[in-house]
Amino acid sequence: MEKLKIKGAWNEMKGKLKQKYGQLTDDDLTFAEGKEDELYGRLQQKLGKTKEQVRKEIEDL
């Protein structure tokens, strides 16, 4: 997903991810510009999914 699109809709996506995966915290979902890879890495660890699976999950929201 395009970086600006993620940034613009991140609060909405964050809420949906927290609903779907109750174990995620605000710290897990902190989005800082230029730190997308770090975010994906945290989600990979927490959810036990590959980077591509995490990207797909976010894109499908």
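**Exercise 1. Fold and confidence**

What pattern does the protein chain follow when read along the sequence? State also how far the model can be trusted.

Solution. This is a predicted model, in which local features need pLDDT of at least 70, side-chain atom pairs count only at pLDDT 80 or more, and totals for chains, interfaces and linings use all residues. Residues are numbered from 1 along each chain as its sequence is written, and side-chain values use heavy atoms, with hydrogens and water left out.

Step 1. The pattern is α-α-α-α: the protein chain has four helices and zero strands. Helices (H or I, at least four residues) and strands (E, at least two) are DSSP runs, numbered from the N terminus.

Step 2. The predictor's confidence in each residue is its pLDDT, from 0 to 100. Its mean over the protein chain is 83, with 85% of residues at 70 or more.

Step 3. Helix α1 (residues 3–8) has the lowest confidence, a mean of 60, while helix α3 (residues 36–47) has the highest, at 90. Where pLDDT is low, the predicted coordinates should not be read in detail.

**Exercise 2. The buried faces of two helices**

Identify the buried residues of α2 and α4, and describe how they are arranged.

Solution. Buried means under 20% relative accessible area, exposed over 50%, and partly exposed in between (1.4 Å probe, protein chains only).

Step 1. In helix α2 (residues 10–20), the buried residues are W10, M13 and L17. Viewed down the axis of α2, they fall within an arc of 60°, so they line one face of the helix. The arc is taken over the directions from the helix axis to the C-beta atoms. N11, E12 and Q19 are exposed on the other side of α2.

Step 2. In helix α4 (residues 51–59), V54, E57 and I58 are buried. Their arc, seen down the axis of α4, is within 95°, so these residues also line one face of the helix. Their cover includes α2 and α3.

Step 3. Across the protein chain, buried residues make up 28% of the 61 residues.

**Exercise 3. The surroundings of R42**

Which residues does R42 touch, not counting residues up to four places away in sequence?

Solution.

Step 1. R42 lies in helix α3 and is partly exposed, at a relative accessible area of 22%.

Step 2. With contact defined as heavy atoms within 4.5 Å, R42 touches D27, D28, L29 and T30.

Step 3. The R42 side chain reaches the backbone oxygen of D28 at 3.1 Å.

Step 4. The C-alpha atoms of R42 and L24 are separated by 9.8 Å, with the two residues 18 residues apart along the chain.

Terms used
A polar contact is a pair of N or O atoms within 3.5 Å; within protein, one must be able to donate a hydrogen and the other to accept it, and residues adjacent in sequence count only if both atoms are side-chain atoms.
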